[in-house]
Every structure is written in structure tokens, then in C-alpha cells.
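Hi,

Here is the structure I promised to pass on to you. Have a look at it first, and then read on for what turned up in it.

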Amino acid sequence: MRDPYGGQADVIWGLAAIVTSAGAIAAFNYMAEDSKTSPKSTASKNAPVDNTNWEPIAWGALVIVIIAASGVIAWLIWKIKKSREEQEQWERIKEQIKVIKAEYAAAESDPTTIVSRPLLLDVEYQYTKAFHEQLAGADRCVVYGELDKAEYQLTKLTTAWQELLNKSAAEGIPRVSAKTKARAQRLLDMVLSNSTDGERAAAWKSLVEIFDDAGISKIIRKKAVAMRELQAVAMPQLEA
């Protein structure tokens, strides 16, 4: 996989080399010009002679330029590395949020959910509500670029999603007996089978009565209309 930051590193090294080379050339040029100029030929016998040795000063300036360039290189490399790590972290967070959203969408559109974990479809159910709150929080962190908060929010979102799956599955259809839950599963199997339209419609009607007893029929009816496998039996009764 090609490193997306490789081009930036090449530019940095190139600029540093140019700066260092320019400093070296300037220093050497200065020393060369200085060596060509003789104080005896340019100054009168009575004029003061500058005996300053400029060579150490030029070398010192060159060293300073090299040290400064090296510092800039080190800082920019650190920035690139940090940016790369943050980008990878963002990609991981976004991908995990995307996976959780896909899992939730799959559960919402799965017709077996209406019997196995119907409360997952109820936005007023405490665990469904908590899941949506954490999902909204994670999305906000991504939008506003809050990386530190996003990592923490992703952990909360993952926990909320697992709790919703586990709690809704454990409760199943609320406020009905285990025997009624088993009957509901058989009725759903009939609805999803290749039976006649009349048999499937009758099974759906009996299933809705169970949902009435559980107090969730209104939620299930609306959700069922959006499920391709249940539209044929749910739509006529919803319109009735």
C-alpha cells in the first residue's frame, strides 16, 4: 500500500537539503572571497587593519544552519507521523461506527426480529434509546473532529449496542408467557412460509393479537410494512 505521506516527507527532506546546501555555499563563498582580499593591498599604511579571522565565524554560522535545518526536519517528521497515526485512528473509528450502523439496520429489516427481539424496534425502549443517544454522540465527534472524545464515545456505543442486542433478545416479546412466545414463533414461521395468502394473513392476524397483549402491536405493524417479507400481510391490516 502506498504511503500517502511519502510525498510530504520527500518535500521536507528536499527543502532541508536546499537550506543546508545554501548555507554551506554561502559560507564557503564568503571564505573564498575573504581569502582573496589582502589587507595590505586595500588599506593604506596608516589605516587600521582588520585582523579578525572570519573563518571560524563562517563555520559556526554553517553549523547553526545545519542544526536548525535538522530541528525543522525532526519536527516536521514528527508532525507527519502524528498526522498519519491520527488518520489511521479516525479510519478505524469510522469503520467501526459504520459496522454497528449496518448491524442495526440489518436487525431492523430482519422479519424474525419482531418475535426474537421486538423491543429493538421500539425507540422508547430504554436500551434502544440509549443506543441511539450513543450513536448520535459518536456521529457528533466525527463531524466536529473530536478524536479523543470519539474513541471514548465508540466504546460507549459498542457497549450500548451489545446491551440492546442482549437485553432485547433476553426479554423477547414482553409481558407474555414462554408458551405464548413459542406460539408467536410458529405463527411467524407460517407468515414467512410458502403457505397460501389466506393462511399467512390469518397467522399474521393472530400474531398481531399477541403483540396487542404485549402492548407493542402499533410499533410492530409500522415496522412490518417496511419489511419486504411482511408487506403483503401487514399492509392490508394496517390500512383496515
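A residue counts as buried when its relative accessible area is under 20%. Keep that cut-off in mind, and also that this is a predicted model.

Let's begin with Trp 161. Its relative accessibility is 2%, so Trp 161 counts as buried. Tyr 104, at 9% relative accessibility, therefore counts as buried too.

Tyr 104 belongs to helix α3 (residues 54–109) and Trp 161 to helix α6 (residues 147–171), so the pair ties together parts that are 57 residues apart in sequence.

Trp 161 has another ring partner, Phe 131: this pair is tilted, with 5.1 Å from centre to centre and 45° between the planes. Since Phe 131 sits in helix α5 (residues 126–144) and Trp 161 in helix α6, the pair ties together parts that are 30 residues apart in sequence. Phe 131, like Trp 161, is buried. Through these ring pairs, Tyr 104, Phe 131 and Trp 161 are linked into a cluster.

In soluble globular proteins, nonpolar side chains tend to be buried together. Here the largest nonpolar core has 44 residues, and those with the most contacts inside it are Ile 114, Trp 161, Trp 204 and Leu 207. Two or more residues of this core come from each of α3, α4 (113–116), α5, α6, α7 (178–191), α8, α9 and α10 (231–239).

What does Ile 114 touch, leaving out residues up to four places away in sequence? Its contacts are Leu 121, Ile 173, Leu 188, Trp 204, Leu 207, Phe 211, Ile 220, Met 227 and Leu 230.

Helix α8 (residues 197–214) and helix α9 (residues 217–225) have their axes 8 Å apart, at an angle of about 140°. The two helices are therefore oblique to each other. On the α8 side, Trp 204, Val 208, Phe 211 and Asp 212 take part in the contact, and they meet Ser 217, Ile 220, Arg 221 and Ala 224 of α9. By type, the residues of this contact are five nonpolar, one polar and two charged.

I hope this helps you find your way around.

Best wishes

Key: Residues numbered from 1 in each chain as written. Predicted model: local features only at pLDDT ≥ 70, side-chain atom pairs only at ≥ 80, totals over all residues. Heavy atoms only, no water. Axes fitted to C-alpha atoms, helices over the stretch in contact; angles between N-to-C directions. Helix = DSSP H or I, 4+ residues; strand = E, 2+ residues; numbered from the N terminus. Parallel < 35°, antiparallel > 145°, perpendicular 65-115°, else oblique. Contact = heavy atoms within 4.5 Å. Nonpolar A, V, L, I, M, F, W, Y, C, P; charged D, E, K, R; others polar. Buried < 20%, exposed > 50% of the residue type's maximum accessible area, 1.4 Å probe, protein only. Phe/Tyr/Trp six-rings, centres within 6.5 Å; stacked < 30°, edge-to-face > 60°. Core = buried A, V, L, I, M, F, W, Y, C linked by side-chain atoms within 4.5 Å.
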